[in-house]
Amino acid sequence: MYLPPLYTYPLVSSLLLPATFLLTYTISVYLGHTELDWPYISDTATRPPESCIFSQLVNIGALFVAITFYIRYKQVSEYCNSYQLPRQLRNLNYASLWVGWGGALGLSILANFQVGVEKVKYLQISNQTSQETEVWWVHNVGLYLCFGLGMIWIWSCVITSFGLHPLTTTRFMLVVRTFLAVVNTSAFLLMLIAAQVARYYYHGADPTKWDPDDGGWSWHVVSTVSEWVMALALDLTLLSLVLEFKKIGLDEPRIIVHVDTVNSFLEISDNDFPGSSDSMLA
């Protein structure tokens, strides 16, 4: 059975996700579903057909991301066992696996629970309880899971990279990943702060088509640009794993079948002598 090289998983995930964002952005702008000037990533996929494309491709990307996190976990685990690295590094590695999987789950939730103009109703009518409002909350849960846990995973990757230096991680890669972690964290915090300020001054009708006259325009642009930068930093961190994954491989999975020898022997005996019980009774 052919298994693709392990480096293909971070390579595909780091290229598929930004390509999907750019594709849905292009389609939504062309169809007039969003504005050209820096919308949020999710605002480029609030209406069909781009919402369907976004959900399908991001779900595939989330699967590749989850596989990448598992390969990274096994890579660090093998080095810890082979070189007797500190137990703290093993514990951090194990925790980072679940953090990464939580982020991948959040990415899938973010892709499947899209909110368009419906979230304006929530902003304008605070006591409204509807399916749209519930979807808006689920969407935000996916957002914080994806980018919040993604930020924690990046820092975990930085720390484990220092633990694997110079065994498999170069000094240059340490600098690159540390820089990406700082950029990701700064962009995440800036996105949250600017979004709250922009929402306070907003008085328009459709936030997916946020115009300068709607209020809070400058803060809105700061927030949306920060989100794109944050996503790019996460994608580049995944891409940085390609060179290290070229040094490792994966054997074909083994399936172990536990056979009940007693019951199997009785079943075989009954099949070999189907008329034996009748002859004994006769």
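This is a predicted model: local features need pLDDT of at least 70, side-chain atom pairs count only at pLDDT 80 or more; totals for chains, interfaces and linings use all residues.
Biologist: How are helix α2 and helix α3 oriented to each other, roughly parallel or roughly antiparallel?

Modeller: Helix α2 covers residues 50-83 and helix α3 covers residues 87-112, and the two pack with their axes 8 Å apart at an angle of about 175°. Angles over 145 degrees count as roughly antiparallel. The relation of α2 and α3 is therefore roughly antiparallel.

Biologist: Which classes of residue make up the contact of α2 with α3?

Modeller: Where these two helices pack, at an angle of about 175°, the residues can be sorted by class. The contact of α2 with α3 has 17 nonpolar, eight polar and two charged residues.

Biologist: Is aspartate 43 buried or exposed?

Modeller: Aspartate 43 is found in the loop between α1 (8-30) and α2, and its C-alpha atom is separated by 8.3 Å from that of glutamine 114, which is 71 residues apart from it along the chain. Its relative accessibility is 2%, and the limit for a buried residue is under 20%. Aspartate 43 therefore counts as buried.

Biologist: And is arginine 171 buried or exposed?

Modeller: Arginine 171 lies in helix α6, which covers residues 171-201. Its relative accessibility is 60%, and a residue over 50% is classed as exposed. Arginine 171 therefore counts as exposed.

Biologist: What kind of aromatic pair do tyrosine 70 and tyrosine 73 form?

Modeller: A search of the whole structure finds eleven aromatic pairs, and one of them joins tyrosine 70 and tyrosine 73, with 6.2 Å centre to centre and 40° between the planes. These tyrosines are three residues apart in helix α2, so about one helical turn separates them. Tyrosine 70 is partly exposed at 38% relative accessible area, whereas tyrosine 73 counts as buried at 18%. The geometry of the pair is tilted.

Biologist: What is the geometry of the rings of tryptophan 98 and tryptophan 101?

Modeller: Tryptophan 98 and tryptophan 101 are three residues apart in helix α3, and are therefore separated by about one helical turn; tryptophan 101 is partly exposed, with a relative accessible area of 29%. The ring centres of tryptophan 98 and tryptophan 101 lie 5.3 Å apart and the planes are at 80°, so the pair is edge-to-face.

Biologist: Which residues form one aromatic cluster?

Modeller: The tyrosine pair and the tryptophan pair belong to one cluster. Its members are Tyr70, Tyr73, Tyr94, Trp98 and Trp101.

Methods:
Residues are numbered from 1 along each chain as its sequence is written. Side-chain values use heavy atoms; hydrogens and water are left out. Axes are lines fitted to C-alpha atoms, for helices over the stretch in contact, and angles run from 0 to 180 degrees between N-to-C directions. Helices (H or I, at least four residues) and strands (E, at least two) are DSSP runs, numbered from the N terminus. Angles under 35 degrees count as roughly parallel, over 145 as roughly antiparallel, 65 to 115 as roughly perpendicular and the rest as oblique. Ala, Val, Leu, Ile, Met, Phe, Trp, Tyr, Cys and Pro count as nonpolar, Asp, Glu, Lys and Arg as charged, and the others, Gly among them, as polar. Buried means under 20% relative accessible area, exposed over 50%, partly exposed in between (1.4 Å probe, protein chains only). Rings of Phe, Tyr and Trp (its six-membered ring) pair if their centres lie within 6.5 Å; planes under 30 degrees apart count as stacked, over 60 as edge-to-face and the rest as tilted.
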